Each structure stands twice: as C-alpha cells, then as structure tokens.
Amino acid sequence: MIKYQPGHFLGYVVLNRPWAFVQWLERANIEEEYILMAEPDHIFVNPLPNLAYGTRPAGYPFFYIRPAKHEKIIRKFYPEEKGPITDVDPIGNSPVIIQKSLLEEIAPTWVNVSLQMKDYPEADETFGWVLEMYAYAVASALHGVRHILHENFMLQPPWDLDVGNKFIIHYTYACDYNLKGELTYGKIGEWRFNKRSYLTGPPPKNLSLPPHGVPESVVQLVKMVNEATANIPKWDSLNRS
C-alpha cells in the first residue's frame with residue numbers, strides 16, 4: 001500500500017522515479033516477463049543478454065553505495081530482526097534486470113522508503129542524490145530479494161578505462177584531460193566531455209575526439225555520441241531549439 005505520493009515541494013526530482021514505476025506498472029500493458037531499468041545517460045556498447053536468473057535480478061555494484069558503512073541509518077529502515085546488513089545490496093535501481101512480477105511487489109515499498117528517508121534528516125543529508133538508490137536496495141531487501149552483482153554490467157568513464165566485455169557506458173562523470181591525454185578530474189581540462197555542459201540543449205554534431213593517450217572508454221563514448229547525432233534526423237534544428 002502506497003502511503004505517500006512524491007511532490008515537487010520536496011525539492012528532489014529523482015523521488016519521482018519510483019512513483020513513475022508504480023504508475024507505469026499499474027497502467028501499462030507489459031507483455032515481457034523481465035524489465036531492464038536503465039537511464040538516459042546509458043549507452044549500450046555490447047549486446048545485453050538477460051543477466052537475471054529466474055527470481056534473482058541482476059544489478060550493478062556501485063562503489064559509493066555502502067550499506068555497511070551507513071548501518072546506523074540503514075537500520076532505521078531495515079531493522080536487525082529483518083536480517084544482516086549484507087542483505088542490502090550495494091546497488092541502485094539502474095541498471096537492473098528484474099522480473100516484472102518482482103518489480104510490481106518492490107516498487108510501492110521503494111516509493112515509501114524513498115520518502116521516509118527524505119523525511120529523516122540524517123539519511124537525507126548523508127545520501128543526497130543517491131537517496132532513492134539506497135531506498136531501492138533497502139526495499140528489495142525488505143522483500144527478501146537479492147541481486148546477482150555483475151561488475152561487467154556497466155563501466156563509468158573516466159575511472160573505468162577499457163570497454164572490454166562490458167555492456168553499458170554510464171557517462172555521469174566529467175571527463176577532463178589536458179592535451180597530453182592526462183586526466184585533470186576536478187579541473188576543467190583543455191579537452192572535456194561533461195553531460196552537464198549541455199543542460200540547456202543537446203550537444204552539437206562532431207564533438208572533437210579526445211587527445212592521444214585518453215582511455216578507450218572515453219574515446220568510445222564520444223564516438224558513439226557523434227554517431228548518434230549524425231544519424232538523428234534534424235539534429236541541428238533540435239540543437240537550436
């Protein structure tokens with residue numbers, strides 16, 4: 001049972017994500033047995049198989065989702081009688097491949113836990129923009145759902161250097177380099193790709209490729225963005241709008 005409905009007054013737009021899934025699952029005619037939860041800043045670099053196994057969803061382990069480190073907070077929402085803190089997977093909801101029936105069970109709890117965390121000042125301050133990621137992990141644990149963790153599910157430039165056998169590039173971090181191909185993270189580089197540079201409109205066609213020596217993951221990312229913008233009809237007019 002859903003106790004709350006997210007509202008803009010909370011000042012945290014990502015809280016609408018679990019609520020959107022609840023509405024979609026209730027209203028859409030979804031014939032598929034499994035659902036992939038992904039995001040607009042995901043680029044597929046290899047064909048993605050169904051990494052889930054029956055009722056075991058597949059997820060990506062984020063290095064910054066650390067339930068054990070924040071056990072005091074997590075226990076407010078996942079009490080000790082429910083099980084060990086290791087029941088809470090180090091994941092968010094994306095990327096995740098999950099049975100539709102399981103997601104239908106988890107999603108309302110995900111909404112409630114997200115809003116309860118937002119209402120709890122210590123959780124809100126500590127988790128910030130990854131709050132609903134923690135909420136998804138906790139909601140899954142409350143339903144007894146553990147995810148199969150696939151490190152090759154995704155790579156995140158500039159920290160992950162090679163594409164290899166990974167399936168998704170997640171371009172969330174700024175990629176800043178000098179002309180020698182050296183990373184200058186935290187300082188705007190002589191060459192850069194940062195999605196936040198395009199908050200007021202999409203990127204132009206033919207972005208310059210990185211300097212020699214920049215990791216394959218960043219080169220592949222820019223090449224694929226250029227491939228997309230070259231093939232989407234009327235891209236230039238979209239960019240002007």
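Which helices and which strand each supply at least two residues of the lining of the largest pocket? They are strand E2 (42-44), helix H5 (131-142) and helix H6 (216-231).

## Before you start

This is a predicted model, in which local features need pLDDT of at least 70 and side-chain atom pairs count only at pLDDT 80 or more, while totals for chains, interfaces and linings use all residues. Residues are numbered from 1 along each chain as its sequence is written, and side-chain values use heavy atoms, with hydrogens and water left out.

The helix and strand names follow DSSP runs, numbered from the N terminus: helices are H or I with at least four residues, and strands are E with at least two.

## The largest pocket

Rolling a probe the size of a water molecule over the atoms shows where empty space is left. Here, the largest pocket holds about 850 Å³ of space. Of its 31 lining residues, Pro40, Asp41, His170, Tyr171 and Lys195 are the closest to its centre. A pocket is an open set of points on a 1 Å grid over the protein atoms alone, where a 1.4 Å probe fits, with protein on both sides within 12 Å along at least five of seven lines; lining residues have an atom within 4 Å of a point. Grid points are joined across faces, edges and corners, and the volume is the space filled by probe spheres set on the points.

H6 gives the largest share of the lining, 4 residues. By type, the lining divides into 20 nonpolar, 5 polar and 6 charged residues. In this count Ala, Val, Leu, Ile, Met, Phe, Trp, Tyr, Cys and Pro are nonpolar, Asp, Glu, Lys and Arg are charged, and the others, Gly among them, are polar.

Strands of a sheet pair through backbone hydrogen bonds, either parallel or antiparallel. Two strands count as paired if DSSP finds at least two bridges between them.

Let's walk across the sheet. E1 and E4 are antiparallel and share 4 bridges, and Ile35 has Ile98 in E4 as its bridge partner. E4 and E3 also run antiparallel, joined by 2 bridges; here Ala58 is partnered by Ile97 of E4. E3 (residues 58-59) and E5 run parallel, again with 2 bridges, and Gly59 stands opposite Leu149 in E5.

In a regular strand the side chains alternate between the two faces of the sheet. E4 is covered on both faces, with Val96 and Ile98 buried on one side and Ile97 and Gln99 buried on the other. Buried means under 20% relative accessible area, exposed means over 50%, and partly exposed lies in between (1.4 Å probe, protein chains only).

E2 runs antiparallel to E7 (residues 168-170), with 3 bridges between them, and His42 has His170 in E7 as its bridge partner.

Ser217 is found in H6 and is buried, with a relative accessible area of 0%. Beyond its neighbours within four places in sequence, Ser217 is in contact with residues including Leu155, Pro157 and Ile169.

## Backbone features to look for

Most residues other than glycine have a negative phi, and most peptide bonds are trans. Two bonds to look up are cis: Ser94 to Pro95, with omega near 0°, and Pro157 to Pro158, with omega near 5°. Pro95 sits in the loop between helix H2 (71-74) and E4, and Pro158 in the loop between E6 and E7.

Asn206 has a positive phi, near 55°, and is exposed, with a relative accessible area of 65%. Lys234 has a positive phi too, near 60°, and is exposed at 69%.

Notes. Contact = heavy atoms within 4.5 Å.
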